[in-house]
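I opened the notebook to keep track of what I looked up in this model. Here are my entries, in the order I made them.

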Amino acid sequence: MDLALGLGAASGLVKEKRGERDSGNWGQITGFKCQGESSDFIDQAHNPGMYPDQESKRCPTNGATPARADVGCCQCAMTGPGQFGSVDRALACSLEGFQVRFQSVKGRDYVAGGACPSKATLQGKTVIVTGANTGIGRETALELARRGGNIILACRDMEKCEAAAKAIRGETLNHRVNARHLDLASLKSVREFAKKIIEEEEKVHVLINNAAVMRCPHWTTEDGFEMQLGVNHLGHFLLTNLLLDKLKASAPSRIINLSSLAHVAGHIDFEDLNWEKRKYNTKAAYCQSKLAIVLFTRELSRRLQGTGVTVNALHPGVARTELGRHTGMHSSAFSSFTLGPIFWLLVKSPQLAAQTSTYLAVAEDLEGVSGKYFDGLREKAPAPEAEDDEVARRLWAESARLVGLKGS
Ligand SMILES: NC(=O)c1ccc[n+]([C@@H]2O[C@H](COP(=O)([O-])OP(=O)(O)OC[C@H]3O[C@@H](n4cnc5c(N)ncnc54)[C@H](OP(=O)(O)O)[C@@H]3O)[C@@H](O)[C@H]2O)c1
């Protein structure tokens, strides 16, 4: 459930949780107004100003100065005074301890978002989905298998992977659904997986970089990278680069990178990408990794111009999956039984969250669309740092160096 995960997220929505931060400033943010749906979500007590410090326009939480008028604060992702624009954003703010009033829970339909409008099929097309044994990845693989594709589930746990592939074959009667081993926390495994794909698959039309780990303890990958950066960004960075020739030879083809709204709270710290010098902050590390994915998408799109290969990033919405396994949500009976129903009301099912990946993979109207960020089924501007070409180029060079990609 991503940025909104944590007990604070849920309780904030039911009992007007006041700002837990000592600064207290953000306690002024009292409204939650969903544009266009005012009967569902009502702006209660309009906050007197987005920034308590009106002079400097600085966010009191992290001192950042938002670069654009429409991105209020990189920490809480407000879009305007008292307006969150979406339930995700309200949940994110709530997690931070901000006071968010949720007036009426008629909003489940709103939260769920839309289904992919395209009926396009995938006969003869090969699709790779990483992290497809559970959650959004599994539902994406299922949806694309229904559309007739040759689906490769790329997972680190082969038992879970085989079980998911078998279940999807059974459910769709599409026998071209297969399990392959891929551990994104190991560059060796990524190279072995890519080598097999290049040798065994004639074409790859869609690569969905879906797998992720969120807010784990301070772990490192086999190659010594901070785990969230290593799995979410560097593993997919290497995988994508190794498959680029195959994707180009299969054009028109598409690369889809699962980022998150959490990227708006991210910052790329080139001095300490791997958290070796600073005190580890598991949330900031996740946000950095998700920002890296949007920047990677931008730079890759620039490099792929004219090749027939497109690449886009997305936020799938807040969904009930296993993503919160390191946050305590899965281990406490209290959270399961008390907060479970609240989350049931407020967050998407993995099936609905998979609609964005499905849409980007198949929609005819996205032919040629590249380098964009989608929130649900809509293209949106990402955070300002995610649109910085210099940061994108520098991150590419650093990522290539770290994963040992020569001549990139
Ligand atoms: N759920 C949300 O609310 C939400 C919101 C915004 C963005 N997202 C993004 O959506 C994507 C899917 O997330 P989800 O919610 O479906 O999470 P999930 O249920 O936790 O699934 C994550 C998948 O990634 C796999 N994975 C983790 N580490 C891996 C590794 N080292 N190598 C290969 N695979 C690995 C997991 O495999 P195991 O089962 O073996 O661990 C699992 O299959 C992620 O990129 C996430 O950041 C989710």
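**Entry 1: a pair of strands.** I started at Val129 and found it opposite Ile208 of β4. This belongs to the pairing of β1 (residues 126-130) with β4 (residues 206-209), where the two strands run parallel and three bridges join them. I kept in mind that I am looking at a predicted model.

**Entry 2: the whole sheet.** Next I asked myself: in what order do the eight strands of the open sheet lie? I read off β3-β2-β1-β4-β5-β6-β7-β8, and the pairing is mixed. At the edges I noted β3 (177-181) and β8 (378-380), each of which pairs on one side only. From one strand to the next, the twist averages 25°.

**Entry 3: helices on the sheet.** I then checked what packs on the sheet. Helix α5 (residues 158-172) does, touching β2 (150-155) and β3, and its direction makes about 170° with that of β3. I also looked up helix α10 (residues 350-362), which lies across β4, β5 (253-258), β6 (309-315) and β7 (373-375). Helix α10 runs at about 160° to β5.

**Entry 4: two backbone details.** In the loop between α5 and β3 I came across Leu173. Leu173 has a positive phi of about 60°, although it is not a glycine. My other find was a cis peptide bond between Ala251 and Pro252, with omega about 5°. I placed Pro252 in the loop between α7 (227-249) and β5.

**Entry 5: the ligand.** Which residues are the closest to the ligand? I listed Asn133, Arg156, Asn210, Tyr286 and Thr321, out of 31 residues that surround the ligand. For polar atoms, I noted a side-chain atom of Asp183 at 3.0 Å from a ligand nitrogen. A polar backbone atom of Ala319 is 2.8 Å from an oxygen atom of the ligand, and a backbone N or O atom of Glu322 lies 3.1 Å from a ligand oxygen. I also looked up the areas: the ligand taken alone exposes 910 Å², and the protein buries 99% of that.

Entry 6: I finished with confidence. The protein has a mean pLDDT of 78, and 68% of its residues reach 70 or more. Where does pLDDT stay under 50? I found residues 1-86, with 210 contacts beyond four places in sequence in the model, and residues 96-110, with 57 such contacts.

Key: Residues numbered from 1 in each chain as written. Predicted model: local features only at pLDDT ≥ 70, side-chain atom pairs only at ≥ 80, totals over all residues. Heavy atoms only, no water. Pairing = 2+ DSSP bridges. Helix = DSSP H or I, 4+ residues; strand = E, 2+ residues; numbered from the N terminus. Axes fitted to C-alpha atoms, helices over the stretch in contact; angles between N-to-C directions. Contact = heavy atoms within 4.5 Å. Near = heavy atom within 4 Å. Polar contact = N/O pair within 3.5 Å; in protein donor to acceptor, adjacent residues only side chain to side chain. Areas by Shrake-Rupley, 256 points an atom, 1.4 Å probe, with all protein chains shown as cover. pLDDT = per-residue confidence, 0-100.
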